[in-house]
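Reader: Please take a close look at the aromatic pairs here, and at what surrounds one of them.

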Amino acid sequence: MITKRLAPALCLGTALVAVAASGAYGRTAAKPKLVTTKGAIEAVAMDGQTVAYDLESRDLGCNTVHAWNVATGKDTVVSGTGTCEADSTSTGAGVREIAVAGNRVAWIVNLGGNTESADTLYAATVGVTKEKKIASAIRTGDVDDELNGDWLGNLAGDRGLIAVNVWKTLGSALELQRIAAVGTGLKTVHQGIGSMAVGAVDTGRIAVLNR
């Protein structure tokens, strides 16, 4: 599942609800599951029984990414020191995207100032490993106009696969675009025309939105 950072109007709530699929075939829907947090939830994604969400740092001292198992109710912090300062920069988007694939969670932290913007991709396996840095990208220029350099984005996950786009910009040109699978590093699975942008992942297949 792919997610973007939640709009400010949606960041005010402190409760996350997971609802099972409705009884479209005559089955009775399960009761919603609820988790209450101490801060605003800024991004969310789900695959199977795992809901991943980003919790703001305001009043908490540290931005955290959590994995919530809706079956057992267990909530696990999967992020570490690299994500702690995600909300600290003037123009950065913080934890901009999250994806879940089975018990693996990946997220992109965006930090920025007036003349640069940087993305860092982290991943963790729930109950096994915490935050590991997978890749990073930085571009420079004018954050309100044009930034040249490397980008990471369009995270999507399902079961055993998490995919992400990697690309470079130079002026208005888009270069070296590719789709990579997220493991201990990035493994290119497609590049060039037809690589932008990853829209969804399901059962080992990647859907791409060509703009």
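Author: Rings of Phe, Tyr and Trp (its six-membered ring) are taken to pair if their centres lie within 6.5 Å; planes under 30 degrees apart count as stacked, over 60 as edge-to-face and the rest as tilted. By that rule, a search of the whole structure gives 2 aromatic pairs. One of them is stacked, because the rings of Trp-151 and Trp-167 have centres 5.9 Å apart and planes at 10 degrees. Trp-151 belongs to strand β11 (residues 147-158) and Trp-167 to strand β12 (residues 161-170), so the pair ties together parts that are 16 residues apart in sequence. Strands here are DSSP runs of E with at least two residues, numbered from the N terminus.

The model is a predicted one, in which local features need pLDDT of at least 70 and side-chain atom pairs count only at pLDDT 80 or more, while totals for chains, interfaces and linings use all residues. Residues are numbered from 1 along each chain as its sequence is written, and side-chain values use heavy atoms, with hydrogens and water left out. The pLDDT is the predictor's confidence in each residue, from 0 to 100. Its average over the protein is 88, and 86% of the residues score at least 70. Among the elements, the mean is lowest in strand β1 (residues 15-18), at 70, and highest in strand β9 (residues 116-125), at 98. Over residues 7-13 the pLDDT is below 50, and this stretch has 8 contacts in the model beyond near neighbours in sequence. A contact means heavy atoms within 4.5 Å.

Buried means under 20% relative accessible area, exposed over 50%, and partly exposed in between (1.4 Å probe, protein chains only). Trp-167 is buried, at 13%, whereas Trp-151 is partly exposed, at 22%. Arg-139 lies over the face of Trp-151, 3.8 Å from the ring centre; a charge sits over a ring if NZ of Lys or CZ of Arg is within 6 Å of the ring centre and within 35 degrees of the ring normal.

Ser-136 is in strand β10 (residues 129-141). This serine is partly exposed, with 49% relative accessibility. Leaving aside neighbours within four places in sequence, Ser-136 is in contact with Asp-119, Thr-120 and Leu-152.

How values were computed: Helix = DSSP H or I, 4+ residues; strand = E, 2+ residues; numbered from the N terminus.
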